[in-house]
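This report looks at a protein model with attention to its fold and to the open space within reach of a probe. Please keep the sequence and the coordinates at hand while reading.

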Amino acid sequence: MGSRFRHYLAVTTVSAFFLILLGVYTGKVGAGLACDGRWPFCDGWMGLFPATWPSFVEWFHRLVAMVVGFMILGAGIVAWRGDYDRRIRYTLVIAVVMLPVQILFGANTVLNFGITASMAHQIAAQLIFGSLVVATTVAYVTHGESENGGTKTTGTVQADD
């Protein structure tokens with residue numbers, strides 16, 4: 001497995017973590033409420049450009065989510081087209097399949113702001129993130145095994161007699 005794909009998976013995973021933190025902040029400041037239940041639009045000029053700090057936060061969260069979503073989609077496509085471990089491919093399938101579900105849950109947090117909508121959105125985010133963590137971990141572990149001739153290292157050092 002190439003180091004570029006492993007690094008791409010790591011960057012995607014870290015980006016997804018950043019997106020989750022941004023989403024928590026977005027929910028905390030009630031930024032979705034700035035849209036007045038008009039998803040996908042929000043306040044501002046023609047409903048597209050932010051007019052207030054909460055609407056800016058909401059739009060920024062959407063922008064980052066779009067970029068990270070395309071990164072996840074790209075990782076899934078590359079994993080299926082390449083000769084990668086099936087654990088990587090299947091965990092990325094989970095992440096890719098959850099993307100449209102996550103978008104719908106995100107819309108629901110704007111349209112039906114409340115604890116149930118927020119929890120569903122957060123659970124889907126954690127499922128996607130968990131899938132990315134597993135795929136990235138497998139990518140790095142299998143790389144380490146292939147460098148050592150297929151043997152696992154335990155991290156212990158044996159002294160010569």
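The text below takes the overall architecture and then the largest pocket.

The model is a predicted one, and its protein has 161 residues, of which 37% count as buried. The secondary structure consists of 4 helices and 0 strands, and the order of the elements from the N terminus on is α-α-α-α. When contacts between residues at least 6 apart in sequence are considered, 65% of them join residues at least 24 apart. The accessible surface of the protein amounts to about 9800 Å², and carbon and sulfur atoms account for 69% of this area.

Rolling a probe the size of a water molecule over the atoms shows where empty space is left. The largest pocket holds about 1000 Å³ of space, and its lining is made up of 41 residues, with H61, A65, Q102, G106 and H121 lying nearest the centre of the pocket. Which helices each supply at least two residues of this lining? They are α1, α2, α3 and α4, with the ranges 3-28, 53-81, 86-111 and 115-147 in that order, and α2 gives the most, with 12 residues.

| Class of lining residue | Number in the largest pocket |
|---|---|
| nonpolar | 26 residues |
| polar | 12 residues |

Note on methods: Residues numbered from 1 in each chain as written. Predicted model: local features only at pLDDT ≥ 70, side-chain atom pairs only at ≥ 80, totals over all residues. Heavy atoms only, no water. 1 Å grid on protein atoms, 1.4 Å probe; cavity = no way out; pocket = protein on both sides within 12 Å on 5 of 7 lines; lining within 4 Å. Points joined across faces, edges and corners; volume = space filled by probe spheres on them. Nonpolar A, V, L, I, M, F, W, Y, C, P; charged D, E, K, R; others polar. Buried < 20%, exposed > 50% of the residue type's maximum accessible area, 1.4 Å probe, protein only. Contact = heavy atoms within 4.5 Å. Areas by Shrake-Rupley, 256 points an atom, 1.4 Å probe, with all protein chains shown as cover.
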